[in-house]
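Hello,

Here is the structure for your set. Please look through it; my notes follow below.

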Amino acid sequence: MDRNKRIQKSIDRLNESLKDLNMALDRQHLNNNKMDSSVKEYFQVKTHLELKREKEGSKEWKSNPRKTKRSNT
């Protein structure tokens with residue numbers, strides 16, 4: 001009987017460790033997903049700002065026809 005109790009205690013400790021590991025994995029996945037979404041948002045904002053600058057630049061170019069392009073010399 002004593003042997004069975006020791007085996008059961010070991011099984012219980014293993015189950016607790018397994019629960020802790022699963023929680024750690026879940027936290028890791030959440031952090032990874034947060035990082036992925038942050039990177040995605042960063043590039044969306046960057047692209048939006050680049051397009052906005054390009055549009056503003058083309059508006060400025062059209063509104064002032066006397067501007068000449070710079071030469072590459």
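Where is the place of Val 39? Val 39 sits in helix H1, residues 2–63. Helices here are DSSP runs (H or I, at least four residues), numbered from the N terminus.

Some ground rules. This is a predicted model: local features need pLDDT of at least 70, side-chain atom pairs count only at pLDDT 80 or more, and totals for chains, interfaces and linings use all residues. Residues are numbered from 1 along each chain as its sequence is written, and side-chain values use heavy atoms, with hydrogens and water left out.

Surface patch. Met 35, Val 39, Tyr 42 and Phe 43 make up a nonpolar patch on the surface, together showing about 420 Å² of accessible area. Patch members have over 30% relative accessible area and no salt bridge, with nonpolar side chains joined within 5 Å. Areas are Shrake-Rupley with a 1.4 Å probe.

Aromatics. The whole structure holds one aromatic pair (ring centres within 6.5 Å). The Tyr 42 and Phe 43 ring centres are 5.0 Å apart and the planes stand at 75 degrees, so the pair is edge-to-face (over 60 degrees; stacked is under 30, the rest tilted).

Charges. The count is one salt bridge (Lys or Arg side-chain nitrogen within 4 Å of an Asp or Glu carboxyl oxygen). Glu 16 pairs with Lys 19, closest N and O atoms 3.9 Å apart. Both Glu 16 and Lys 19 lie in helix H1, three residues apart, about one turn of the helix. Glu 16 is partly exposed at 44% relative accessibility.

Best regards

Definitions and conventions: Patch = residues over 30% accessible without salt bridge, like charges linked within 9 Å, V, L, I, M, F, W, Y side chains within 5 Å. Helix = DSSP H or I, 4+ residues; strand = E, 2+ residues; numbered from the N terminus. Phe/Tyr/Trp six-rings, centres within 6.5 Å; stacked < 30°, edge-to-face > 60°. Buried < 20%, exposed > 50% of the residue type's maximum accessible area, 1.4 Å probe, protein only.
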